[in-house]
Amino acid sequence: MAEIAFSVRKSDVWDEVAKTTAYIGDKLVVVEGGNDAYERVLMTDANRDDLQRFWEEAAAHANVRLREMLLRADPPGGDYGVVLDVSDAYERALDGSVLNSLRSYFVLAIVARWCGFADRDDAEGFAGEADALLEDVRRKLYTRRRPRRPGRE
């Protein structure tokens with residue numbers, strides 16, 4: 001078995017969450033009219049406590065879903081870091097794709113929780129997409145290279 005490590009920076013996720021909620025708020029202004037919809041959905045620095053709680057919940061959920069291969073996980077609160085035990089035949093070329101899916105999972109999981117908190121109808125859609133991304137991470141981690149015969153290319 002081989003060990004691989006992944007790290008997702010919380011600040012990168014928070015920046016993406018801010019952009020995503022701003023986009024959702026902009027679209028709501030067009031649909032509902034008025035700036036109150038934008039202000040209701042936009043994630044700001046004043047919401048850092050909620051954001052931190054959602055971050056920790058998403059990290060805990062990711063750890064549970066990856067538990068079969070989880071060797072170590074960073075303590076909650078800071079950046080998300082894990083060391084996973086994967087097959088020796090794991091396709092290392094997928095590392096970047098796994099990291100991107102993991103980062104996107106965190107963004108959508110937090111947006112889903114925030115939209116539910118801000119009384120938005122599409123929170124379930126974001127939660128479903130987040131779960132699909134986490135399943136994508138698992139699927140990629142179980143991907144193996146094709147066996148090769150020694151002496152052949």
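This is a predicted model: local features need pLDDT of at least 70, side-chain atom pairs count only at pLDDT 80 or more; totals for chains, interfaces and linings use all residues.
The structure holds twelve of them. The stops below visit some of these pairs and one network.

**Stop 1: Arg72 and Glu3.** Select Arg72, then Glu3. Their side chains form a salt bridge, with the closest N and O atoms 3.9 Å apart. Now colour by secondary structure. Arg72 sits in strand β2 (residues 70-73), and Glu3 sits in strand β1 (residues 2-8). The pair links distant parts of the chain, 69 residues apart.

**Stop 2: Asp12 and Arg9.** Select Asp12 and Arg9. Here too is a salt bridge, and the closest N and O atoms are 3.9 Å apart. Asp12 has a relative accessible area of 28%, so it counts as partly exposed. Arg9 is also partly exposed, at 45% relative accessibility.

**Stop 3: Glu135 and Arg138.** Move to helix α5, residues 123-141, and show both side chains. Glu135 and Arg138 lie three residues apart, about one turn of the helix. Their side chains meet in a salt bridge at 3.6 Å, N to O. Arg138 is buried, because its relative accessible area is 17%, under the 20% cut-off.

**Stop 4: the network.** Finish by selecting Asp50, Arg53, Glu57 and Arg113 together. Salt bridges link these four residues in a network.

Definitions and conventions:
Residues are numbered from 1 along each chain as its sequence is written. Side-chain values use heavy atoms; hydrogens and water are left out. Helices (H or I, at least four residues) and strands (E, at least two) are DSSP runs, numbered from the N terminus. Buried means under 20% relative accessible area, exposed over 50%, partly exposed in between (1.4 Å probe, protein chains only).
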